[in-house]
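Dear colleague,

I am handing over the structure below, which you have not worked with before, together with an account of what was found in it. Please read the notes alongside the model.

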Amino acid sequence: MAAALAIPRSDPAGATPAAAPADALLRVENLSLTRGEKLILDDVSFALKRGATLALVGESGAGKSTIALALIGLLARPQVGLDGRMLFDGADLATSSERDWLRLRGRRISMIFQDASSALNPCFTVGAQLMTPLRRLLGLSKAQARKRAVELLEGVGLSDAESRLDAYPHQLSGGMQQRVMIAIALSTNPELLLADEPTSALDVTIQAQIVRLILDETRKRGASCIFVLHDLALASQACDEIVVLYGGQVMEAGPAETVLREPLHPYTVGLKACVLEIDTEELEPLPSGSPSFASKRPGCRFAPRCASALEKCAGEKPPLIETRGRRLACWNPVA
Ligand SMILES: Nc1ncnc2c1ncn2[C@@H]1O[C@H](COP(=O)(O)OP(=O)(O)OP(=O)(O)O)[C@@H](O)[C@H]1O
């Protein structure tokens, strides 16, 4: 279970402050996203320091993957409406053209997808898929790319790396495929790595190894990483910062240790209670329900499921304010 993973944070002493840091690589500001009538993201803001790790946490449908896809320019526009800013090294990704994205995607921003078996192309060998970005984006010769590909596969812990280059994805286990995906994502030394549930398709016994590998490899390169995770405990162990999302709204965000030790939002409290500890008596489920994405719905999206909801929670959206070392959007936080 997550409690046994013991994944060290990159910089426990220098946990990222709740406010946007001056040395932020990424600043997402008031990001709202609509698909038709549905408001999928509602005024989402967070920042990520250079070299830091941040987890987007929340239940299915919270909008985590949508944020990751927006950050790598893979949302099918104009079907989605985007408002707000995503400042990456000062440039607004929200207004990037496809030409801009060709310079960014895979070079400065890379992504590891949930399921390596569907992200890798079954028709091409591991070597072909790994050497393509090295040749196209870094301009290496075939021989240089092959040598670098072997080094990258060795770096992500694949034994017999040279012969793996000639293997097809189906000849590798799920864990090996995800290691190949990690090698591909890191091959161009991106400044920002997006890891969307990178272990959800894997056996629980190797999940910690893969998370640790991603952390180690991004740290070695001084890169920043955004993990999309369901598991609050894993997020708090792996990441410096946590952003808790519900129904496309940020409920609570701040240094991972602070948020897990003393959650203030009833939703974060509920998520924490859902984490199975080895010595716990029983799991405490959150009340059932799912958020409405109606664009005109006022108030806190969690209100219909919240045991602490006040009358005003359904009618008036709580602002995201700085309090007790984190940012919180709640009219009636846990004392
Ligand atoms: N291509 C799409 N077309 C229409 N609605 C979509 C599309 N992709 C996502 N959505 C909707 O956007 C909302 C957020 O989805 P998203 O996948 O970002 O959530 P998530 O938090 O990543 O969930 P999960 O953990 O299940 O991946 C959901 O209501 C989902 O139904």
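Thr66 lies in helix H1, residues 64-71; helices (H or I, at least four residues) and strands (E, at least two) are DSSP runs, numbered from the N terminus. Leaving aside neighbours within four places in sequence, Thr66 is in contact with Leu33, Ile40, Leu41 and Leu75, contact meaning heavy atoms within 4.5 Å.

Before going further, please note that this is a predicted model, in which local features need pLDDT of at least 70 and side-chain atom pairs count only at pLDDT 80 or more, while totals for chains, interfaces and linings use all residues. Residues are numbered from 1 along each chain as its sequence is written, and side-chain values use heavy atoms, with hydrogens and water left out.

Next come the strands S1 and S2. Strand S1 (residues 24-35) and strand S2 pair in the antiparallel sense over eight bridges, two strands being paired if DSSP finds at least two bridges between them. They form a hairpin with two residues between them, and Gly36 in the turn has a positive phi of about 60 degrees. Arg35 stands opposite Lys38 in S2. Strand S2, which covers residues 38-49, is mostly covered, with 10 of its 12 residues buried.

Two helices, H4 and H5, are described by their crossing. The axes of helix H4 (residues 126-136) and helix H5 (residues 142-155) come within 9 Å and cross at roughly 115 degrees; axes are lines fitted to C-alpha atoms, for helices over the stretch in contact, and angles run from 0 to 180 degrees between N-to-C directions. On the H4 side, Val126, Leu130, Met131, Leu134 and Arg135 meet Lys142, Ala145, Arg146, Arg148, Ala149, Leu152 and Leu153 of H5. The residues of this contact divide into eight nonpolar, no polar and four charged, where Ala, Val, Leu, Ile, Met, Phe, Trp, Tyr, Cys and Pro count as nonpolar, Asp, Glu, Lys and Arg as charged, and the others, Gly among them, as polar.

Helix H11 (residues 266-273) has as its buried residues Pro266, Tyr267, Thr268, Gly270 and Leu271. These buried residues pack against strand S3 (53-57), helix H9 (232-238), strand S9 (241-246), strand S10 (249-255) and helix H10 (256-261).

Further along, Pro298 lies in the loop between H11 and H12, while Ala314 lies in helix H12, residues 311-315. Pro298 is partly exposed, with a relative accessible area of 43%, and Ala314 is likewise partly exposed, at 43%. Pro298 and Ala314 are 16 residues apart in sequence and 6.7 Å apart in space, C-alpha to C-alpha. Not counting residues up to four places away in sequence, Pro298 touches Ala314 and Gly315, and Ala314, with its neighbours within four places left aside, is in contact with Pro298, Gly299 and Ala303.

How many salt bridges are there? The count comes to 19, a salt bridge being a side-chain nitrogen of Lys or Arg within 4 Å of a carboxyl oxygen of Asp or Glu. One of them joins the side chains of Arg103 and Asp100 (3.2 Å, N to O), and both residues lie in helix H2 (residues 98-104), three residues apart, about one turn of the helix. Arg103 counts as partly exposed at 48% relative accessibility, and Asp100 is partly exposed at 26%.

Another salt bridge joins the side chains of Arg326 and Glu252 (2.5 Å, N to O). This pair links distant parts of the chain, with Arg326 in strand S12 (residues 326-328) and Glu252 in strand S10, 74 residues apart. Arg326 counts as buried at 0% relative accessibility, and Glu252 counts as buried at 0% as well.

The side chains of Glu262 and Arg324 also meet in a salt bridge (2.6 Å, N to O). Here too distant parts of the chain are linked, since Glu262 is in the loop between H10 and H11 and Arg324 is in the loop between strand S11 (321-323) and S12, 62 residues apart. Glu262 is partly exposed, with a relative accessible area of 29%, and Arg324 is partly exposed, at 45%. Finally, salt bridges that share partners join Arg50, Asp89, Arg108 and Glu191 into one network.

With kind regards

Note on methods: Buried means under 20% relative accessible area, exposed over 50%, partly exposed in between (1.4 Å probe, protein chains only).
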